[in-house]
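Hi,

Here is the model I promised to pass on. Have a look at it first, and then read my notes below.

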Amino acid sequence: MDLSGLGEFGLIELIRERFASIPSHGCEGIGDDCAVLPLNTTESMVVTTDLLVEDIHFLRDRITPEQLGRKSLAVNLSDIAAMGAAPAASFLSIALPPDTEVEWVERFLDGYCSLSSEFFVPLLGGDTTASPGKLA
């Protein structure tokens with residue numbers, strides 16, 4: 001069977017089963033868009049990482065860099081809101097083809113930063129890497 005036969009929820013179940021024997025230490029995870037990490041007896045932290053892949057989640061020729069920057073943060077903020085939590089910070093991981101123009105990156109960051117500013121969500125880090133051809 002290939003992944004198309006397994007489906008997204010089948011893949012999630014495969015992952016859940018593989019890690020079931022490792023104690024979660026009170027954290028709630030795999031199965032929702034967010035994980036819930038208890039901080040103490042009355043507070044928890046909600047964490048999410050949502051990935052956008054070119055030609056699956058967006059078409060580069062149909063979205064501006066600013067729109068994609070906003071969308072990259074918005075999909076994660078909406079996951080946090082769906083859990084009834086308030087965002088505290090974000091992390092940006094991005095894979096860029098080597099021929100990406102610096103101006104495109106600046107415009108993408110403008111969009112990401114504008115939504116960060118609207119919701120007072122600082123960018124605390126993330127990861128940058130090269131991609132052989134598609135944005136992620």
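A quick definition before anything else: helices (H or I, at least four residues) and strands (E, at least two) are DSSP runs, numbered from the N terminus, and the expected span of a helix is 1.5 Å times one less than its number of residues. What you have is a predicted model, where local features need pLDDT of at least 70, side-chain atom pairs count only at pLDDT 80 or more, and totals for chains, interfaces and linings use all residues. Residues are numbered from 1 along each chain as its sequence is written, and side-chain values use heavy atoms, with hydrogens and water left out.

Now the overall picture. The chain has three helices and four strands, and along the sequence they come in the order α-β-β-α-β-α-β. Its C-alpha atoms fill a box of roughly 45 × 45 × 20 Å, taken along the principal axes. Of the 136 residues, 24% count as buried (under 20% relative accessible area; exposed is over 50%, partly exposed in between, with a 1.4 Å probe and protein chains only). Taking contacts as heavy atoms within 4.5 Å, residues 24 or more positions apart account for 64% of those with a separation of 6 or more.

Helix α2 covers residues 65-82, which makes 18 residues. From first C-alpha to last it reaches 26 Å, close to the 26 Å expected. Its buried residues are P65, L68, G69, S72, L73, V75, N76, L77, D79 and I80, and their cover includes β2 (44-47), β3 (90-96) and α3 (102-119). Just after α2, G84 has a positive phi of about 80 degrees.

As a reminder, an α-helix has 3.6 residues a turn, so residues three or four places apart point the same way. Just after α3, F120 takes a positive phi of about 55 degrees.

Cheers
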